[in-house]
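Reader: I'm new to this and would like to learn how to read a structure. Could you walk me through one, feature by feature?

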Amino acid sequence: MRSAGLAIGWEFRRRHLWVLIALAGYLLVLAAYKVLIPASWEPVTLDPPDGRVGVALVPLSTTFFYFLAVFSFGLTGDLAARQSIYPTRLFALPVTTRALAGWPMLYGAATMAGLWLGTALFARWPWGVHLPFIWPALLAVVFLAWTQALMWMPYGLPGLRVIVTVLWLATLDAVVLLAIHYQVREPLMVAFLAPQLPLAYLTACAAVGRARRGEVPDWRGMFARPASNAVMPRRRDHFPSPARAQAWFEWRRHGRSLPALVGLLLPFELALLWLAKDAPAFVFEILFLALITPPFMAAFTAWTVSQPNPQIRESYGVPPFIATRPLTSAELIAAKLKMAMWSTLAAWLLVLVAMPLALEWSGTWSVVTERVGRMSDAIGTPRAATVVLLILAGFIVATWKQLVQSLHIGLTGRAWIVKGSVLLTLTLLILLGPIVEWIIDSSNVQRALWHALPLILAGLVTLKMSAAAWIATRLDRSRLLGDRALVAGAACWVLAVLALYGVLVWFFSTPFVAHYLLALIAILAIPLARISAAPLALAWNRHR
Amino acid sequence: MSESVISVSELTRRFGATTALDSVSVSLPRGAVYGLVGANGAGKTTLIRHILGVLRAESGSVRVFGLDPVADPVAVLSRIGYLSEENDLPGWMRVDELIRYTSAFYPKWDDAYAEELRQGFALEPSARIRNLSKGQKARAGLLVALAHRPELLVLDEPSSGLDPIVRRDILGAVIRTIAHEGRTVLFSSHLLDEVEEVADHVTMISHGRVALSAPLEAIKSSHRSLAAAFIAHVGAAPSAAEA
């Protein structure tokens with residue numbers, strides 16, 4: 001290996017070899033399926049969506065984003081930092097800055113183009129829509145090139161990297177979507193995309209050059225409060241308890257990410273209301289988009305919350321600084337749960353303030369009041385108010401749940417569990433589409449499912465309660481939670497289940513839905529087993 | 001010298017095929033400065049991690065203040081000051097935030113002592129940890145390890161890679177800590193002269209086994225120096241072993 005370029009390429013290949021093998025295996029399986037099963041030749045439709053779309057889209061889009069992270073060094077860098085995320089260890093290599101920027105861009109470009117070409121050659125179904133061969137590959141390469149250039153750039157403010165990159169890539173995406181909508185011809189798309197590659201390369205060279213020279217602009221002074229400078233040292237009281245101190249730690253480390261992401265996306269989503277004055281259906285689609293933003297973004301931020309050591313991206317162990325806090329593992333988890341609650345409330349406060357303002361200023365408020373009025377007339381004001389409150393509460397609880405439900409996986413600190421869980425989730429996502437389609441297409445299946453619903457729910461409840469009982473026993477035996485805490489936790493859970501059951505019984509006052517079904521649904525809806533397992537997971541990791 | 005602060009008995013730990021600790025038994029009496037000496041990879045940090053409860057004893061037992069550090073982390077850790085070899089203080093915190101945060105965990109936190117240490121170490125309250133030099137980070141870590149006046153101070157390779165001035169600060173802190181009656185220091189290092197300067201008792205560890213454990217005076221009376229004793233019992237001075 002006598003070339004710096006070969007060495008850099010070897011490092012990429014060595015570290016991500018298993019992903020490349022898995023991708024190749026997946027493409028071969030898809031190709032074999034297409035060849036061996038003639039039924040798969042039936043066109044796959046996007047509108048309405050065909051269940052098989054997920055089988056092709058989920059792994060390929062996941063791989064696309066994985067490659068974006070790999071070749072921009074996003075897996076190992078601190079995205080929120082002002083400093084470039086380009087690995088500093090490479091700056092000491094005796095190679096030019098152009099080579100440092102160029103080789104990862106070249107390997108990334110080749111891999112992205114290969115991903116699309118492999119997809120097109122081995123796995124593309126006859127979609128029913130014409131998909132061109134060249135420009136999607138070029139788009140993937142341009143997308144990566146800009147990601148690399150913007151990620152490697154040093155910025156004047158923490159977090160600015162994420163904002164600039166998201167806005168720039170979203171703009172690029174919007175232009176491409178418009179081009180698809182207006183069926184722009186392929187040569188024109190190539191003419192639009194191709195010149196961006198040298199521009200991105202020059203930007204990346206400048207970014208790496210600045211990072212290599214240690215040039216990091218600092219604009220924090222413009223936003224700093226007078227009290228936070230060195231002349232006037234900040235005076236703060238002591239934390240009243242270790243639990244409060246740990247909750248503050250978690251909030252500072254993770255709590256602001258979700259409100260920041262929601263605050264970033266919300267203006268763009270709600271701005272669409274100004275375009276939807278004459279289309280009531282579109283108004284509700286925009287509102288739905290705004291409402292699912294917090295739980296959707298929480299799914300992303302949850303990854304950092306459940307990471308025991310976010311300072312070291314590829315480390316799963318608890319850092320000594322946290323492991324040696326004189327707190328029990330249950331108290332460390334309690335701080336995370338509390339932080340998740342505050343983070344959820346902050347994100348929802350933004351939504352609940354911004355949404356009425358945007359409705360009022362865009363002149364679409366009347367569309368909403370008119371629809372709510374009709375619902376109120378149809379089912380009565382108390383029920384209408386309950387529906388609205390239940391939907392809102394459901395979204396808020398879903399956001400919190402998204403933030404904390406993977407703690408029991410991430411905090412185990414075992415790479416095989418974390419990676420296995422990701423693989424399992426992806427597999428389920430892939431299978432979800434075809435299964436849903438199978439159910440929708442077959443009335444026999446729907447009938448069988450409806451008849452088996454009580455059994456299915458009872459089975460799930462048995463599974464959940466068995467897991468919870470086992471976890472409670474382990475918590476008790478390992479003395480992670482005292483008897484009083486266990487009893488109090490169980491009592492709170494029972495109260496929450498009873499409250500939800502009461503609301504459901506009141507709302508579904510119909511003979512067609514049995515009350516025991518509502519009880520089973522209430523038991524399944526209130527989180528128990530996975531959250532209770534989080535202290536066990538942390539203790540397993542903390543005391544290896 | 002009364003009861004043992006740390007009592008490790010027949011502790012064995014394996015990581016895959018590697019035996020990191022092999023039937024290690026040590027006992028630390030209260031009020032002593034205990035030097036743990038060995039080359040890199042000898043098992044010093046593994047032993048310290050067991051004492052902190054970060055590693056669970058696979059076989060053998062570990063007791064700190066008579067308690068199991070895994071089963072009762074709060075009771076054990078609240079009496080220990082620990083400076084990690086990794087110095088993994090959160091980079092996003094400011095020095096004053098680190099002090100405020102850490103103070104919440106220790107009922108015996110001494111604000112005046114913390115301020116005295118901060119000034120002595122020339123640490124700016126508003127400075128972010130990530131912007132501190134390696135030596136300043138070590139000083140900040142030492143500050144929060146000392147300011148609650150722990151009964152047991154555990155320093156894991158505290159001066160590794162640091163300049164002589166920071167090493168002097170650390171040794172000074174060890175000396176100040178032992179000045180308080182009844183306090184105990186466990187000090188791991190591969191720098192023999194440093195250990196020789198402050199330790200009452202030395203344990204040499206090599207390939208996961210205790211090669212020698214004796215009071216420093218006894219070692220000095222039987223060998224020319226600590227380095228000579230190390231060569232006699234382990235085979236090569238730690239610095240040579242690293243190379």
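Author: Happy to. Let's begin with strand pairing: in chain B, strand 3 (residues 33-37) and strand 7 run parallel and are paired over five bridges. Keep in mind that this is a predicted model.

Reader: Which residue is the bridge partner of B:Tyr34 in strand 7 of chain B?

Author: That's B:Leu186. Strand 7 of chain B is also joined to strand 6 (residues 152-156) of chain B, again in parallel and by five bridges. There, B:Ser188 in strand 7 has B:Asp156 standing opposite.

Reader: How many of the six residues of strand 7 of chain B are buried?

Author: Six of the six, over residues 184-189, so "buried" needs its cut-off here: 20 or more other C-beta atoms within 10 Å. Now for the general idea about faces. Side chains in a regular strand alternate between the two faces of the sheet. In strand 7 of chain B, one side has B:Thr184, B:Leu186 and B:Ser188, and the other has B:Val185, B:Phe187 and B:Ser189. Both faces are covered.

Reader: What is the strand order in the open sheet of three strands in chain B?

Author: The order is 2-1-4, with antiparallel pairing. Strand 2 (18-29) and strand 4 (59-64) of chain B each have a single partner strand, so they stand at the edges, with one side of each left without a neighbour in the sheet. On average, neighbouring strands of this sheet are turned by 20 degrees against each other, ignoring direction.

Reader: And how many bridges join strand 1 of chain B to strand 2 of chain B?

Author: Eight, with strand 1 covering residues 4-15. B:Arg13 is found opposite B:Leu21 of strand 2. Helix 1 (residues 44-52) of chain B packs on this sheet and touches strand 1, strand 2 and strand 4. The direction of helix 1 makes about 60 degrees with that of strand 2 of chain B.

Reader: How do I read two packed helices?

Author: You describe them by the angle and the distance between their axes. In chain A, take helix 12 (residues 280-305) and helix 14 (residues 329-362): their axes come within 11 Å and cross at roughly 155 degrees. That makes the two helices roughly antiparallel. Their crossing is right-handed. Among the residues making the contact are A:Leu287 and A:Pro294 of helix 12 and A:Trp348 and A:Met355 of helix 14.

Reader: How many residues of chain B are in contact with chain A?

Author: 28 residues of chain B are in contact with 29 residues of chain A. On the chain B side, helix 2 (73-77) and helix 3 (95-103) each supply at least two residues. Helix 3 of chain B gives the largest share, four residues.

Reader: Last one: which domains does chain A have in its domain assignment?

Author: Domain 1 (4-218), domain 2 (241-405) and domain 3 (425-544). Between the C-alpha centres of domain 1 and domain 3 of chain A there are 39 Å.

Definitions and conventions
Residues numbered from 1 in each chain as written. Chains lettered and ligands numbered in written order. Predicted model: local features only at pLDDT ≥ 70, side-chain atom pairs only at ≥ 80, totals over all residues. Domains from an automatic or database assignment. Buried ≥ 20, exposed ≤ 12 C-beta atoms within 10 Å, placed from the backbone. Pairing = 2+ DSSP bridges. Axes fitted to C-alpha atoms, helices over the stretch in contact; angles between N-to-C directions. Parallel < 35°, antiparallel > 145°, perpendicular 65-115°, else oblique. Left-handed = near helix turned anticlockwise from the far one by under 90°. Contact = placed C-beta atoms within 7 Å.
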